[in-house]
Amino acid sequence: MQRTTNVFISGVGGQGILLASEILSDVALAHGLDVKKSEVHGMAQRGGSVVSHVRFGEKVYSPVIAEREADLLVSFEKMEALRWIHYIAPEGTVVVNDQEIVPSGMERYPEDIDEGLSRRAPNAHIIDALALANEAGNARAVNTVMLGAFSNYLEFAEEDWKKAIEARVPPKTVEINLKAFALGREAGAR
Amino acid sequence: MRVLLSGNEAVARGCYEHGVKVATAYPGTPSTEILENIVRYKDDIYCQWSPNEKVAFEVAMGAAFGGVRTMVAMKHVGLNVAADPLMTSTSVGGDGGFVIVTGDDPGMHSSQNEQDNRYYAKFAKIPLVEPSDSQEVKDYVGAAFEISERFGTPVLFRLTTRLCHAKTPVELGERTEVERKEYEKDTTLRVVIPAHARRLHVKVEGRLKEIAKFAETSPLNRVEEGDPSVGVISSGIAYQYARDAFPDATFLKLGLSFPFPIELARKFCARFETVYIVEENEPFVEEQLRYAGITNVVGKEKVPLCGELNQSIVARSFGGGEEPDRAAVAPRPPVLCPGCPHRSTFFTLNRLGIGATSDIGCYTLGVMPPLNGIDTTICMGASIGNALGFEKAIGRDFAKKMVAVIGDSTFVHSGMTGLADAAYNKGATTVIILDNSITAMTGHQDHPGTGMTLMGEPTTKLDYIALAKSMGVKDARRVDAFDMEAVKVAIKDATDNPETSLLVMEGPCALMVRKTWTKAFVVDTEKCTACGMCLRLGCPAISRDEDGKAVIDPLFCVGEVCGMCAQVCPVECISAPAKA
């Protein structure tokens, strides 16, 4: 039986994580796979730490990924990559947005995040998704930049991703989102 | 067609396909989206938000009396509010099918406790249905209505947060209409005077035995053959975790777990030396096995009772795998959003050294530093009674130091009686309604104070001031929540008033008025003295730069719709960007 692929996405409420995981799930479902996607609504949206679990394969049971079993750990924010780093599988891939968002209640960003990340995930692909989103035309397109970046590490064709993006994002923003996806895909391949 | 649906969407779809005609609820995480999705079928299903779960339950019960399939949804603690009608709803369902959906919250992602509502089925002596993914949710909604109508009973349909919010594939079907049954007056069934209630109790006990027989062979309870040496019993979402933790085991999967199919379980357990029971929170299944003398089981002595499970916790419980190695990272708790109207009240209370009994909603986040604005939060509506109680225990002057803070939706839910109590029992209490004119915490649902119904129709709008006056609260007034000086003056006046006062702090939820957001405020770093006053607002958009001076993140600040930071800055260094 084809094994289950686990994609763990983390970030900060408001960064558009749920849209990214929706698009990934759409792509997997369109391939006829069993898909489960899990996140928690409510408190998490208020600027807190947000995670989304996406699992797909021939038959998926639990809707959540177990620790040390994420094939791909994607984080929209650096601290949030380190917070969930124990989810990554030994041979897993880490893709991180090089963005720092100061947690509320703290006056400054903690200093030891880069060091912790380079120790726990020395081969992480780190991209500046905010800069690329701005280049695409909207700072809020960080999520599609990240989608492009991590799409390199999943076996779906570029066309399938683009179709899923077009179907999900508001019509007015399709162009910006496709550009953001392309920029992310290029940056994440490195 | 195969689509991805959350468990909540699947309940809505199940209600649609299985001929439901009336659906009611009060919003609450994790069950809110059930009614939000049912409204998509409003041509076929009448649906409404009720002011609280008790009323939602009673409206639904009335609809079932009226002969149509009816569903009522609530979060787990909502069923406490509706427990009074629940416990005496024994004969409902014999007319139109009646299904009660409870959204439990293991892990307390957005709740004040971790109660396991499966016990409510046992307590109220009604059947319990537990699906384990969205397809089962949709299918079991139909099964639950059939059980309800066949046995003339309400059915408790138990979901948990992961089921409610996880999206899994579902095959869609068509709607099958179920005709309304003609109402016939029968006081022996629906008027529970003691003479009737005594007979009804006997009837309910007999009915439970019948349903237990049914549960023994119901397809909702099934054995999944696997390794003949490993037996596992599980239900609900825990089944999925157990499936991953024991991929090859033989399973007894329970979908109708009360009344308990004890003979099925006894036969299953007899096949194994030891049977593993995997359930989240309480040992509901395990207790029933042990009560029946089945003792070759291992459950809560290994599986954690507190918190949410997952497959690795289940595996570790039985000796597989190690604790993960977590990195130490500062927490990132949820906080009041940038532009939140509630911030001014907590900031002001904090500056004036006044505490608050509080309530359930976004504003509970006022407890977080630096606002530190809350002394107590227990359950919906508790703030006002708590404040009055403090005053009666410590003395009238204490009301100057402790106010009650409650949201608009929560006030309508169960704060109105508290306010009547404060006025009636001559409290010096100050009650503050944080009125953002929506149920915000759960994602913006209407309520009797908003002037709109779930089905999108304009309707009457509750007037808090007129209501308070009619209760005898002479000092009741509205305040602009974005005017820091007005907020301060109002709180001082109200706490000085020796009688009950009501302040309605008005300001729309920032997330409701996105279209009015403007460019971010800016800090004049030349003028900023790094005093940190603006940081005391606890706004996620404000932090300090290397010199300790304020910086406003342009991605987070909502601009001129708020402006609280500019008002509190003592050197006036924060302002709206100059219009070019």
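B:Pro30 sits in the loop that links strand 2 (22–25) to helix 2 (33–38) of chain B, where helices (H or I, at least four residues) and strands (E, at least two) are DSSP runs numbered from the N terminus. In this predicted model, local features need pLDDT of at least 70 and side-chain atom pairs count only at pLDDT 80 or more, whereas totals for chains, interfaces and linings use all residues. Residues are numbered from 1 along each chain as its sequence is written, while chains are lettered from A and ligands numbered from 1 in the order in which they are written.

The peptide bond leading from B:Thr29 into B:Pro30 is cis, with omega near 15 degrees. A cis peptide bond also joins B:Pro369 and B:Pro370, with omega about 5 degrees, and B:Pro370 belongs to the loop between strand 15 and helix 16 of chain B.

## The parallel sheet

Five strands of chain B form an open sheet with parallel pairing, in the order 15-16-17-19-18; two strands pair if DSSP finds at least two bridges between them. Its edges are strand 15 (355–357) and strand 18 (475–480) of chain B, each of which pairs on one side only. Strand 15 of chain B pairs with strand 16 (residues 402–407) of chain B in the parallel sense over three bridges, and B:Thr357 stands opposite B:Ala404, which is in strand 16 of chain B.

## Domains 3 and 4

Chain B is divided into domain 1 (2–179 + 191–217), domain 2 (222–317), domain 3 (343–512) and domain 4 (514–575), with bounds that come from an automatic or database domain assignment. The C-alpha centres of domain 3 and domain 4 of chain B lie 27 Å apart. Between these two domains of chain B, 10 residues of domain 3 are in contact with 12 residues of domain 4, contact being defined as C-beta atoms, placed from the backbone, within 7 Å. On the domain 3 side of chain B that touches domain 4, helix 15 (residues 343–352) of chain B gives the most, with three residues.

## Positive phi at two lysines

B:Lys125, in the loop between helix 6 (118–124) and strand 6 (128–129) of chain B, has phi near 60 degrees, a positive value in a residue other than glycine. B:Lys426, in the loop between helix 17 (408–424) and strand 17 of chain B, likewise has a positive phi, near 55 degrees. Most residues other than glycine have a negative phi.
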